[in-house]
Each structure stands twice: as structure tokens, then as C-alpha cells.
Amino acid sequence: MNTKPRLTGEPIMRILCKTSENLVGYLYQWNNGDVQPAWFDGAFADVRYEPFVQAPKENSANPEIPGLRQQGPSHLENA
């Protein structure tokens, strides 16, 4: 059992019903490392967990790592 207090939590996965594929809750990870499901309308037994897809972050220290880049109007063709 973790003795550190749970102060903040963030959703890390979707909880989906295996038969209907409906979203039935989220799996949260707390600041102390605990994980806990948060159900919308009661717990389901036959579920699967789906991680959130995160956009890659640009790493200015390493340009080899892809990231989102804004392009200026120079990439547009002249009409």
C-alpha cells in the first residue's frame, strides 16, 4: 500500500467495453504512482484498456526527433 497522499491524477488510458466498444471510463494515474479506474456508470468486467495517442513533441536539443512544426506562408504556391 502506498503511503504518499494522492494529490493530483491524470487519465492515462481509456476503458472500453470489449463487446460494444463503448467508452465506459478512464484509468487514472496519481502523483504517487497509484492507478485507479474511474467508471462512468459502474464497473464493467469485460473491458480493454486503450492508451491515449500523444502527438510527438519537438525536441530542440535533438533535431532528429520529429515534432510538430509550423510553416510560414513561404510553403504556399503563388497564385
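**Exercise 1. Placing Gln29 in the sheet**

Task: Which residue does Glu10 stand opposite in β2, and what is the bridge partner of Gln29 in β3?

Solution. 
Step 1. Glu10 stands opposite Gln29, a residue of β2. Strands here are DSSP runs of E with at least two residues, and helices are runs of H or I with at least four, both numbered from the N terminus.
Step 2. On β3, Gln29 has Val35 as its bridge partner.
Step 3. Before going on, note what kind of model this is: it is predicted, local features need pLDDT of at least 70, side-chain atom pairs count only at pLDDT 80 or more, and totals for chains, interfaces and linings use all residues. Residues are numbered from 1 along each chain as its sequence is written, and side-chain values use heavy atoms, with hydrogens and water left out.

**Exercise 2. The whole sheet**

Task: State how many helices and strands the protein chain has, and give the order of the strands in the sheet.

Solution. 
Step 1. The protein chain has zero helices and four strands. Along the sequence the pattern reads β-β-β-β.
Step 2. The four strands form an open sheet with antiparallel pairing, in the order β3-β2-β1-β4. The edge strands are β3 and β4 (47–51), each of which pairs on one side only. From one strand to the next, the twist averages 35°; such angles run from 0 to 180 degrees between N-to-C directions, and the axes are lines fitted to C-alpha atoms.
Step 3. Count the bridges. Two strands pair if DSSP finds at least two bridges between them. Seven bridges link β1 and β2 in the antiparallel sense, and five join β2 to β3, also antiparallel.

**Exercise 3. The nonpolar core**

Task: Which residues make up the largest nonpolar core, and why does Val24 count as buried?

Solution. 
Step 1. The largest nonpolar core has five residues: Ile15, Cys17, Val24, Leu27 and Val47. At least two of its residues come from β1 (9–17), and at least two from β2. A nonpolar core is a set of buried Ala, Val, Leu, Ile, Met, Phe, Trp, Tyr and Cys residues joined through side-chain atoms within 4.5 Å.
Step 2. Val24 is in strand β2. Val24 counts as buried because its relative accessibility is 6%.
Step 3. Outside four places in sequence, the contacts of Val24 include Ile15, Cys17 and Val47. Among the contacts of Ile15, with the same exclusion, are Val24, Leu27 and Val47.
Step 4. The general background: in soluble globular proteins, nonpolar side chains tend to be buried together.

**Exercise 4. Two residues outside the strands**

Task: Is Leu7 buried or exposed, and where is Glu21 placed?

Solution. 
Step 1. Leu7 is in the segment before β1. Leu7 is exposed because its relative accessible area is 63%.
Step 2. Leu7 touches Trp30 and Asn31, not counting residues up to four places away in sequence. The C-alpha atoms of Leu7 and Asn31 are separated by 6.4 Å, although the two residues are 24 apart along the chain.
Step 3. Glu21 is in the loop between β1 and β2. Glu21 counts as partly exposed because its relative accessibility is 41%.

Conventions: Buried means under 20% relative accessible area, exposed over 50%, partly exposed in between (1.4 Å probe, protein chains only). Contact means heavy atoms within 4.5 Å.
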